[in-house]
Amino acid sequence: MQLVSPPFNNMPDETISFLQHRRARTLSPPAYVLSVENGQTTYTKQQLEWNRQGVICDQHVYEGATDLYATAGLINCHLHWLMLGGTSVDELLNLIENHPEEMLERALYNANATLKVGITSGCDKGAPTYSTAPIYQGLEAARNCGALMTKTQYSPYMLVVSNSFADEWCVRVEDEEDLERVQQQLLDAGAGIIKIVPEMDYLPEEPHYPWVFSHSLFEKARHFAQQQGWLFSVHGKGRDAVQESIKLRVDSIEHGLQITPDDLLAMQNNGIWLGCTIEGFECRLQYAEEQGKSLTGARYEWGKCNELVTMAANLQPDHPFTNMLFASDAGSINTPHASLRELYLLRKYGYSPEWVLEIATRNGAKFMRKADEIGSLDTGKMADVVYWSKNPLELSLAEWEHLSDYIVAVVSDGKLAFVK
């Protein structure tokens with residue numbers, strides 16, 4: 001069964017004047033177009049022009065006055081559409097299994113709200129149970145029907161073994177037969193990512209996150225992802241998971257709490273990306289404090305993530321760790337969708353505004369292997385554009401905490417998705 005939801009309504013007529021329509025092409029308002037690469041920023045005052053397919057086909061130099069700034073659309077490389085922040089696992093399972101239409105509507109709402117804060121692309125790292133594929137297909141069908149929402153590359157669920165973190169609601173892979181069956185299910189679901197959770201949840205005693213996944217199955221899953229051209233992401237908080245991930249040159253390590261400076265250098269050298277999910281850890285600590293439980297683990301993880309970001313930002317004298325991603329873990333425990341707080345926290349704990357903007361644009365595009373389509377505002381790429389009332393690189397740290405307040409409009413695939 002494929003769930004299809006009607007698209008969100010198009011923008012009101014009075015907002016269309018933000019863009020100028022020229023037969024089969026659209027001309028954007030003039031703006032200072034910001035491009036950040038290797039921590040260096042260039043500014044070009046211009047108007048972008050794109051065709052009906054939403055592909056930028058020309059860039060016109062503009063000589064007049066403008067108060068707008070434009071960047072490429074932002075890319076969140078760790079979110080979960082079928083997880084709802086404050087919703088318990090039991091409630092999620094009930095929605096997914098017994099009320100899929102309602103789950104689809106909630107996911108569509110969050111994907112639309114996320115687009116409105118400038119996140120035009122993202123990676124969904126999975127959801128509870130085997131029953132999610134039709135809902136993901138419904139999300140994609142709605143987008144194809146014109147729904148305004150963040151474009152997504154996804155894995156319909158996460159792979160674990162018994163005693164792994166979240167093993168009670170992820171998909172267990174205990175032997176080769178399990179792995180082969182799950183790989184076929186991922187193919188049938190149109191997945192583009194395999195996510196493995198190979199370790200236990202936090203334990204008070206060392207090593208805190210013991211590895212429990214089969215090493216041979218881990219290697220086979222990695223090989224399968226390479227064969228399919230899929231991303232291979234690992235939930236890796238502890239030393240064993242980090243070292244095994246570096247050994248097999250996975251595409252990304254998520255969380256990475258016990259990563260060392262040498263690990264970061266090895267990750268850069270091997271093209272491995274890091275999504276530290278600092279907003280997710282902040283939200284988990286808040287939740288633990290509110291509930292009065294799991295405080296030791298939540299405090300440890302929040303502190304280690306702060307240390308990790310600061311270490312990464314100061315990795316070398318001339319530049320930081322360059323393979324960081326915008327990866328908030330949106331939808332996970334108490335972590336909201338439609339939030340840019342992850343970017344504020346990356347800046348707060350050491351990264352410069354220029355590097356944070358590059359993390360949120362070019363880095364995400366490279367990780368998703370879509371740098372020829374998204375991540376910068378160049379001719380031949382998709383018109384995924386965020387317009388700002390102020391230069392985001394000149395905003396104070398206090399202003400970065402409310403970064404979305406400075407967004408004037410968002411364009412996705414050449415379509416106006418939001419305008420103030």
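This is a tour of one chain, going from the whole fold to single residues that can be selected in turn.

The model is predicted, so local features are described only where pLDDT is at least 70 and side-chain atom pairs count only at pLDDT 80 or more, while totals for chains, interfaces and linings use all residues. Residues are numbered from 1 along each chain as its sequence is written, and side-chain values use heavy atoms, with hydrogens and water left out.

**The whole chain**

Turned along its principal axes, the C-alpha trace spans about 65 × 55 × 45 Å.

Switch to a surface view next: the accessible surface of the chain comes to about 16800 Å², and 46% of this belongs to carbon and sulfur atoms. Such areas come from the Shrake-Rupley method with a 1.4 Å probe, and for residues only the protein chains shown count as cover. Of the 420 residues, 60% count as buried, where buried means under 20% relative accessible area, exposed over 50%, and partly exposed in between (1.4 Å probe, protein chains only). Among contacts (heavy atoms within 4.5 Å) between residues at least 6 apart in sequence, 70% join residues at least 24 apart.

**The cysteines**

Select Cys-77 and Cys-123 together. The structure holds zero disulfides, a disulfide being a pair of cysteine sulfur atoms within 2.5 Å. The sulfur of Cys-77 has its closest cysteine sulfur in Cys-123, at 4.6 Å, which is too far for a bond. Cys-77 is buried, with a relative accessible area of 1%.

Move to strand β12, residues 193-196, and pick Ile-196. Is Ile-196 buried or exposed? Ile-196 has a relative accessible area of 0% and is therefore buried. Leaving out residues up to four places away in sequence, Ile-196 touches Leu-159, Phe-213, Phe-218, Ala-221, Phe-232, Ser-233, Val-234 and His-235. For a distance check, Val-173 is 23 residues from Ile-196 in sequence and 9.8 Å from it in space, C-alpha to C-alpha.

Now follow the chain into the loop between β12 and α5 (215-228), where Pro-207 lies. The peptide bond that joins Glu-206 and Pro-207 is cis, with omega about 10°.

Select Ala-313 in helix α9, which counts as buried at 11% relative accessibility. Its contacts, not counting residues up to four places away in sequence, are with Pro-320, Tyr-349, Gly-350 and Tyr-351.

The loop between α9 and α10 holds Asp-329 and Thr-335. Asp-329 has a positive phi of about 70° although it is not a glycine, and this residue is buried at 2% relative accessible area. Thr-335 is buried too, at 1%. Beyond its neighbours within four places in sequence, Thr-335 is in contact with Gly-85, Glu-279, Gly-280, Cys-283, Ser-328, Asp-329 and Ala-330.

Go on to helix α10, residues 341-348, which is mostly covered, with six of its eight residues buried. These are Glu-342, Leu-343, Tyr-344, Leu-345, Leu-346 and Arg-347. Which elements do the buried residues of α10 pack against? They pack against β7 (74-79), α8 (278-291), α9 (295-313), α11 (353-367) and α12 (397-400). After α10 comes Gly-350, with a positive phi near 140°.

**A last stop after α11**

Finish at Arg-369, in the loop between α11 and β16 (385-388). Phi of Arg-369 is near 60°, a positive value in a residue other than glycine, and Arg-369 is partly exposed, with a relative accessible area of 43%.

Notes: Helices (H or I, at least four residues) and strands (E, at least two) are DSSP runs, numbered from the N terminus.
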